[in-house]
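Hello,

Here is the structure I promised to pass on. Please have a look at it first, and my notes follow below.

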Amino acid sequence: MNRRNSAIGILFWTMILGVSLLPLGIVPHAFGASDEEKVQTIVHVDLAAQSNPDGLMISLGGFRRWIKGTDKDLGIPSSYLQTGFGLASTPAYGRASVYAEWLAAVFAKLRVQYDLYRFYGTNSSLLSFPSATASFGRADVDALAGTEEAGNGSRLLIRPTLYAKAGSVIIVNQTDLAYFRFTGTGPYFLDWTYETLLKNGDYVIENRTNFLYQFIKGTGDISLMAGPYYEIMHTAAADLKRQRAGVMAYWVPWEAMGALDRPRFFVQIGRYIEDRNREGEYMAAFGMGFDLDL
């Protein structure tokens, strides 16, 4: 199962969309409460899988949100403060996260997050590479099976997000500014969050733009959105770049399914425009999850 259980740099797009589109109300992840309520507490569970590279992740998280204002025209929060946590695992590693988030205006959000990783020493984590020029494609990773190390890692993430909406079209631009630390042999490590090589103490910049058309906006939380996306990533020490583009869709078919609130499904198909190991190849991802309103 080499690399099958790697984290998907949202991995994950399910989690990325579930978080980054909230303030527009197009993913009604936290708007089950009435407009009069000023505090919301939500627990969410997601399962995500990807091919090329292969990955599988299950995640559990929750947040508490203090709404400071409501946009009367859009009927969504215009400002809030939020704190939350996340727990995620693959057979390759586990991750615990804490974060704080501020929606300063309906079109701008800032998140600061800290992640602690525990690499199990199996299924391609933690793998070391001798230099930034080393190849880390599928055959290279398979050849290193058995050399994984158990160890720890951490990430400090700053994530500003900007929004725009014109009719049924929603544009979301999100930037990840991330700093990584690892234990292990090194000097370079294979990081599955961004699918790249990183040096201990390395920086990553990734920018994603989603153009989504809202095909269905039903009563309550029911929604169907789809459209193209584009992302570009760059690492500082390794000086590696990746560009990827494709299409994605996000569907909330029911407001509730029994005790489960807002069951959701996600699919993504993309092509590597620029990548040392996968240029010209395709990838696919699928996710599903639900909320529990407390």
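Strand E5 gives the nonpolar patch its largest share, four residues (strands, E, are DSSP runs of at least two residues and helices, H or I, of at least four, numbered from the N terminus). The patch covers about 1000 Å² and consists of Leu60, Phe85, Leu87, Val98, Leu110, Val112, Tyr114, Leu116, Leu156, Ile158, Leu177 and Ile205. Patches take residues with over 30% relative accessible area and no salt bridge, with nonpolar side chains (Val, Leu, Ile, Met, Phe, Trp, Tyr) joined within 5 Å and like charges within 9 Å. E3 (76-89), E5 and E7 (150-166) each supply at least two residues of the patch. Leu177 sits in strand E8 and is partly exposed, at 38% relative accessible area. Here buried means under 20% relative accessible area, exposed over 50%, and partly exposed in between (1.4 Å probe, protein chains only).

Before going further, a word on the source. This is a predicted model, in which local features need pLDDT of at least 70 and side-chain atom pairs count only at pLDDT 80 or more, while totals for chains, interfaces and linings use all residues. Residues are numbered from 1 along each chain as its sequence is written, and side-chain values use heavy atoms, with hydrogens and water left out.

Now the overall picture. The chain has two helices and 16 strands, and 53% of its 294 residues are buried. Of the contacts (heavy atoms within 4.5 Å) with a separation of 6 or more, 60% are between residues 24 or more positions apart.

On to the strands. E12 (residues 223-235) and E13 (residues 241-252) run antiparallel and are joined by 12 bridges; two strands pair if DSSP finds at least two bridges between them. Gly227 has Met248 in E13 as its bridge partner. Five residues lie between the strands of this hairpin, where Asp239 takes a positive phi near 55°. E13 is also joined to E15 (residues 260-274), again antiparallel, by nine bridges, with Trp251 opposite Phe265 in E15.

There is also an open sheet of three strands, in the order E6-E9-E10 with antiparallel pairing. Its edge strands are E6 (128-129) and E10, each pairing on one side only. Four bridges connect E9 and E10, and Asp191 stands opposite Thr196 in E10.

Leaving aside neighbours within four places in sequence, Leu190 is in contact with Leu127, Phe129, Phe136, Val141, Thr196 and Leu197.

A search of the whole structure finds 16 salt bridges, each a side-chain nitrogen of Lys or Arg within 4 Å of a carboxyl oxygen of Asp or Glu. Asp176 pairs with Arg208, with the closest N and O atoms 3.1 Å apart. This pair links distant parts of the chain, Asp176 in E8 and Arg208 in E11 (residues 203-217), 32 residues apart. Asp176 is buried at 1% relative accessible area, and Arg208 is buried at 2%. Arg208 also forms a salt bridge with Glu206, at 2.2 Å between the closest N and O atoms. Glu195 and Arg244 form another, at 3.6 Å. Because Glu195 lies in the loop between E9 and E10 and Arg244 in E13, the pair ties together parts 49 residues apart in sequence. The network of salt bridges links Arg159, Asp176, Glu195, Glu206, Arg208, Glu231, Arg242 and Arg244.

Best wishes

Key
Areas by Shrake-Rupley, 256 points an atom, 1.4 Å probe, with all protein chains shown as cover.
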